[in-house]
Amino acid sequence: MKFTMLVLKNLLRSKRRTFLTVFSIAVSLFIFSALVSFPTLAREILADRASSLRLAVHNKAGVTYSMPEAYKQRIAATPHVIAVVPESWFGGIYHEVNDQFPNLAVDPDQVDLMWDDWGISKAAFEDFKRLRTACLVSDGTMKRFGLHVGQQIQLRGTFYPFNVTLNIVGVMNDKAPPNFLFFRRDYLEEAAGRPGFVSMFWVRADKSENIPQIIASIDEQFANSMAETRSESEAAFMGTFAQGYRAFFELAEILGLIVVLTIGLVAANTAAMSIRERRSEIAIMRSIGFRSGTILGLLLGESLIIGLSGGILGCASAYVILKVFAVGSPAIGISSLRMPPIVVVEALAAACLIGLLSAWFPARSAARQNIVDALRLVA
Amino acid sequence: MDEKYAIEIDHVTRVYKRDEFEVRALDDVTLKVPEARFVAIMGPSGSGKTTMLNLIAGIDHATSGRVAVGGEEITSMRERDLAAWRARHIGLVFQFYNLIPVLTAFENVELPLLLTHLRKAERRQHVETALKVVGLADRMDHYPRQLSGGQEQRVAIARAIVTDPTIVVADEPTGDLDAKSAEEILNLLTELNRQFHKTIVMVTHDPRAERYVDTVYRLDKGILAGIERGKSAAQPAAAGASA
């Protein structure tokens, strides 16, 4: 503690330089935190789904191809399956073309069994089963459009040539995708003239260890049929969508690292300059009895404070910006966008490393320099 | 009665390597400085004065020979121990004051005390006393840039004595000062020697210094060329010194 004054006074020796160094580290860690949050969050979401007992069954040719709804009974008869919910994509818009979000029609009879982890109340499930025009809406979409339970809304068809008028009966919490809307498939079927096809099936297994067996059974059943199936766990299914962003995520992580490394080198240069200017003072301190280790500790302490200050500033900025961005942009399914705690830890660790490593070599060299040679520089 | 020696230099040689050349800065020098003396080391440039001072202060190592200060042999000490020893026993004064520019006079003087176990209040007391001794009690909160050269050197002397060291070593303490300030600094060092019985070793070119010191050691080309009694009448000439 008694050296604190010394460290602080040295930090404020050149206020502009200290400020600029802190600011540059803050900017780099802001970029790092913001960029790395996307892939980390995506991984967290996938990991969260990894324990799910749900399976997605879609057309082997791709998720845009449909399947006969008659598959439902055959899938339901598969051993270890406890629920099957067919799902059809509607693709309606709320008011404007920009007001798009995933709106899907599902069979109501087993929704409570299928999505019991999405925080939907029992009353909402009952209303959904009872009312043909009922819909369940994700929290993000509710907030985005200022909706409330009991409100009637109309979705304009884009793929289908008709609109649907729906009554909101319940809200899905943050365990559900942030922008979903479910309404009843019988309503869609009736309006569409009963085409008898669905986009996919959601299947619920009794136990996680039975999932591989169920996948094999379903895909085997429909092999060589007009619509062969591809079954996968929910995590794998979500991962398929995330796959499309993989290049972006990798690029984001690489860019984040490059920015941090670049600023680390700039900080190292600044630290080297700052320490070189003080070599004679350091020699004086050593001549009056300061040990090399103490000097090294003081210099690294200064640099650590600079790095950590920049890290805290950068992290805080990224946290606020992501929060603001998440509130304003649930349309693309990122209403739960936030800075994962692990990214905070990584960013602060990077800040400490920038601080320590940037000063390590010049500080070590200055702390070990020959006192007589350094004093000669003064003269 | 046996006289105690503050400094004993025994057959000390210091050789520097400068690229492919060897420079013999000190060549088999032997001398003894009794306790509580004010002595000067004089000689032309390159005679080895500062090298000798550095050896006494423990910031340089002899190539051969033995250096003992305050009865402790420092020649064989490890760097870590030597740093602690310097903090306890040596007060250093430099030609260019070498105060830390971002610290006030008070904080500069407090610097060596940060290495002790003294509490904040005790450190304050010591610093105030040291600054009073050098006559700068009213300049405690001034930064070096706000002080004159003479005042800066006084602060440096306060920093050198604040830990109550065994020996004060001063390298050209008047070299960067005008005549008046130089006289003031020499008077101050004399006072420290007379009143507080500090052993003071000063390297100087300044011929006025001879009037203040007890003994003058003359070096020439790394060899002790002579020992003279200073013009100060207060003390007898150094005893026991030998070349």
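In which loop is the place of A:Arg194? In this predicted model, A:Arg194 belongs to the loop between helix H7 (185–192) and strand S9 (197–198) of chain A. Although A:Arg194 is not a glycine, its phi is positive, at about 50°. A residue counts as exposed if 12 or fewer other C-beta atoms lie within 10 Å of its own; A:Arg194 has 11 and is therefore exposed.

A positive phi of about 50° is also found at B:Glu172, again not a glycine. B:Glu172 sits in the loop between strand S7 (167–171) and helix H6 (179–196) of chain B. The threshold for a buried residue is 20 or more other C-beta atoms within 10 Å. B:Glu172 has 21 C-beta neighbours inside 10 Å and so counts as buried.

The overall form of chain A was examined next. Its secondary structure consists of 14 helices and 11 strands. The radius of gyration of chain A is 30 Å, whereas a compact globule of 379 residues would have a value near 21 Å. The C-alpha trace of chain A spans about 95 × 45 × 30 Å along its principal axes. The domain assignment divides chain A into domain 1, made of residues 4–47 + 245–378, and domain 2, residues 66–226. The centres of domain 1 and domain 2 of chain A, taken over C-alpha atoms, are 48 Å apart. Of the 379 residues in chain A, 41% are classed as buried. When contacts in chain A between residues at least 6 apart in sequence are considered, 81% of them join residues at least 24 apart.

Chain A contains an open sheet of nine strands with mixed pairing, in the order S6-S7-S5-S8-S4-S3-S10-S1-S11. The edges are formed by strand S6 (152–155) and strand S11 (229–233) of chain A; each has a single partner strand, so one side of each has no neighbour in the sheet. From one strand to the next, the twist averages 35°. Within this sheet, strand S4 (residues 103–106) and strand S8 (residues 181–184) of chain A run parallel and are joined by four bridges. The residue opposite A:Asn103 is A:Leu181, in S8(A).

Helix H5 (residues 122–130) of chain A lies across strand S5 (134–138) and strand S7 (164–172) of chain A, and runs at about 160° to S7(A).

For chain B, the secondary structure amounts to six helices and 10 strands. A compact globule of 243 residues would have a radius of gyration near 18 Å, and the 18 Å of chain B agrees with this. Along its principal axes, the C-alpha trace of chain B spans about 45 × 45 × 40 Å. Buried residues account for 49% of the 243 residues in chain B. Among the contacts in chain B between residues at least 6 apart in sequence, 67% join residues at least 24 apart.

Chain B has an open sheet of six strands, ordered S6-S7-S8-S3-S9-S10, and its pairing is mixed. S6(B) and S7(B) run parallel and are joined by four bridges. B:Gly91 has B:Val168 in S7(B) as its bridge partner. H6(B) lies across strand S3 (38–42), S7 and strand S8 (199–203) of chain B, at about 155° to S8(B).

The two chains meet through 21 residues of chain B, in contact with 18 residues of chain A. On the side of chain B that touches chain A, the elements giving two or more residues are helix H1 (49–57) and helix H2 (79–89) of chain B. H2(B) provides the largest share of that side, with five residues. By residue class, the side of chain B that touches chain A comprises 14 nonpolar, three polar and four charged residues.

Definitions and conventions
Residues are numbered from 1 along each chain as its sequence is written. Chains are lettered from A and ligands numbered from 1 in the order in which they are written. This is a predicted model: local features need pLDDT of at least 70, side-chain atom pairs count only at pLDDT 80 or more; totals for chains, interfaces and linings use all residues. Two strands pair if DSSP finds at least two bridges between them. Axes are lines fitted to C-alpha atoms, for helices over the stretch in contact, and angles run from 0 to 180 degrees between N-to-C directions. Two residues are in contact if their C-beta atoms, placed from the backbone, lie within 7 Å. Ala, Val, Leu, Ile, Met, Phe, Trp, Tyr, Cys and Pro count as nonpolar, Asp, Glu, Lys and Arg as charged, and the others, Gly among them, as polar. Domain bounds come from an automatic or database domain assignment. The radius of gyration is taken over C-alpha atoms; the globule rule is 2.2 Å times the number of residues to the power 0.38.
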